[in-house]
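Take a look at the model below. We will walk through the place where its chains touch, then turn to a stretch of surface.

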Amino acid sequence: MSQRQVLQVFEQYQKARTQFVQMVAELATRPQNIETLQNAGVMSLLRPLLLDVVPTIQQTAALALGRLANYNDDLAEAVVKGDILPQLVYSLAEQNRFYKKAAAFVLRAVGKHSPQLAQAIVDCGALDTLVICLEDFDPGVKEAAAWALGYIARHNAELSQAVVDAGAVPLLVLCIQEPEIALKRIAASALSDISKHSPELAQTVVDAGAIAHLAQMILNPDSKLKRQVLSALSQIAKHSVDLAEMVVEAEIFPVVLTCLKDKDEYVKKNASTLIREIAKHTPELSQLIVNAGGVAAVIDCIGSCKGNIRLPGIMMLGYVAAHSENLAMAVIISKGVPQLSVCLSEEPEDHIKAAAAWALGQIGRHTPEHARAVAVTNTLPVLLSLYMSTESSEDLQVKSKKAIKNILQKCTYLPALEPFLYDAPPNILKHVVGQFSKVLPHDSKARRLFVTSGGLKKVQEIKAEPGSLLQEYINSINNCYPEEIVRYYSPGYSDTLLQRVDSYQPLTN
Amino acid sequence: MATLARLQARSTFVAHQYYYRNSVVDVFRKKEYDAAVKIQSWFRGCQVRAYIRYLHRIATVIQKWWRGYSGREEYRLLVKFASCAMKMNFYNAMAVRIQRRWRGYRIRKYCFNYFYLKEYLRAVSETNDAIREALEEFAEMKEREEKKADLEREEKERDYQARKMHYLLSTKQIPGIYNSPFRKDPDPWELRLQKAKPLTSQRSKVKDKHWVSPNSWLECTSARSFPRSEVLPPIDRKQCQGPFRDITEVLEQRYKPLEPTLRVAEPINELNVAREEFRRQEWMRNVNDNMFLPFSTYHKNKKYTPLMHSSSKYGPNSYGSRHFRDENSKKWICDKDFQTVLPSFDLFSKYGKLYSKAGQII
């Protein structure tokens, strides 16, 4: 009899514990409760429950802790300070898979907030146990462990190096080959976080044979997976020419171009980032992309999205055009310039406008044909207005000024240059007048047009210091025309004529 | 002596006369001398002048010849240089022509081949168009697939609804709600209901049915004892009215794990299985399958089968057991047996006494 009563006391206590921990776990899903929970001292209560006899209570306590730590970094710090991590790490090695998942969730929640917290996790030896979890049979455990490792490696290069030294990379590459989609996503995201910091880390990931598997997964229909895979490949390719060549050798072209047509915006963005990182290294790689028709695909992609999604595509066009004039010509014939000018005028954000201005400058700076192709689309006035406007950021002003300068120095398309005579600031006016002085001596039709459109008049009105370059240009323009015309258009000529009329005495015979 | 006196008287006269005549002559002498000197000097002058003139003429001739010669030499040099320069200019001009052609060819062929560039750009634009088309097709295909998937999903959804609402089918007596008598045609839902199979109540399967053996009681406990779902029941759920027991107790009781007795937990033929196992081990290990029977009483009735080798009718061969040497006395050369003590052999007794004397030291 009394034995049963004694046992009943224990059962009641167990029930109470279970109820408490389940309710706390549920309350922790809602952010408004967490402050109250924190003030009520939930951390110190949850900690002993982690060591409970009943496994369910342990797991639910770990789950509750994870949700709390996930919310903000004060709670995560409290988890670290409360010495909970060593216990978690120790039991990670031993317990069943539900507990492992919950414990990995806690580690992930703590590690994601700041590098110091992630360092604390590394210091208590969690990396080795997480790597052991990566070898577990249950895919949920692997996913939780890979997620935790990815969040730790995200912060900086030392933490990434620590993750790599724990031997995570080959196991992550194995995880990528597993059939579960969620696991593939998380493993790809972890590899991307590891390889983004330095070329050595990216080389380690490549040496584990990740590129071939990542390249195969580009064809997968799941869009979140494609995001992570493309992000991983672009983080690998961005560091050096060799890595970019290895990514290209995995035969991603032209498959990657289909990702540019995906419905998901971030897939498009990551695909254009990948292409940009490959194109920026050498002219040969850019040529490869152009030969595969990548430029047209990127231009279509720019046309179909808005905002920050466009930015990598715009930069890619700029990098391709910057390498050589043939590639710039290839960009022009793929109808890139109208698209870029649309971006320049439509986009509200300054950094995207700056990128578009830079790209246009790179396209137009090579030869007069290129400058003409850019000038024909009427972008030069837009660039000028961006340069002159006070609302543009400094970066935008600098980039548009450089673009204007580069294009103007090669532009011989006079109809586009004429508006510049009227409203350009003096430092740009110098270049405009210089271009006129180069073109007019050789082309009679242009001379006539120059006179009839009022350009000669405007040139006469420009005040320049004698001996300066501007004055020389003005003189060389004036030398193309007969004396009377120049005098006719010089300012104040009508006044002098009238003065002569006034002072003329008619001959009275 | 008279002449002497006369001469001496006349001597002064003679002296005077002599002096007078000499002095008269002297007066003219200077003149005549001067005149003669003048004439002579003039004549000498003429001579000398003529000579000088002659010399001048000759020197002029020589100089003239010399000047002509050196001038001609200079002129030859000038002509040579001029002709050289002309030739060089000509060669240069021709070389420039060749170089011009060559430079143009080289640039056009190797550095910047305009037509190649045009071809390349044309090929690039063709590739671009092809890629654009391909991507359009791909996007269209994706669209179509999505639409198809949507339609299928909707169809499935409607089918499921129809199966659930199967009881709303119209019967002969009562027209269903989708088959109003005032309508011309029955509602499409009516037709769907007719086609649908009724839904059985136990439709939902347990999603992840992992078979846990009773041996791993730890997992068993966690999987079965408390049904874990993502969403816990709301906290402030009021107790259902009525004589219901506490839900946790009920679930506890329902999902109480199996606690088998030892008799039940072990398989019923456990002993046989163990014996089989043991026998298998022995069969694997043992060389001889017969059981070892220690005392001869067990083998009492067994007949001994001797070896064929030793039990042949020709009798056992003593060779191999009694003696190991073949003894054939007819072949013996002498009647002495082998010596058991080996004599020493002489290693160097034959040194220098071989048949051939070649290479020997004498």
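**Where the chains touch**

Across the interface of chain B and chain A, six residue pairs are in polar contact, both residues at pLDDT 80 or more. A polar contact is a pair of N or O atoms within 3.5 Å; within protein, one must be able to donate a hydrogen and the other to accept it, and residues adjacent in sequence count only if both atoms are side-chain atoms.

Which elements of chain B give two or more residues to the side that touches chain A? They are α2 (114–164), α4 (217–225) and α5 (247–254) of chain B. Helices here are DSSP runs (H or I, at least four residues), numbered from the N terminus. α2(B) gives the most, with 16 residues. By type, this side of chain B divides into 13 nonpolar, six polar and nine charged residues. Asp, Glu, Lys and Arg count as charged; Ala, Val, Leu, Ile, Met, Phe, Trp, Tyr, Cys and Pro count as nonpolar; the others, Gly among them, are polar.

This is a predicted model: local features need pLDDT of at least 70, side-chain atom pairs count only at pLDDT 80 or more, and totals for chains, interfaces and linings use all residues. Residues are numbered from 1 along each chain as its sequence is written, chains are lettered from A and ligands numbered from 1 in the order in which they are written, and side-chain values use heavy atoms, with hydrogens and water left out.

Charges meet here too. The rule finds four salt bridges across the interface of chain B and chain A. A salt bridge puts a side-chain nitrogen of Lys or Arg within 4 Å of a carboxyl oxygen of Asp or Glu. K263(A) and E143(B) form a salt bridge through their side chains (3.4 Å, N to O).
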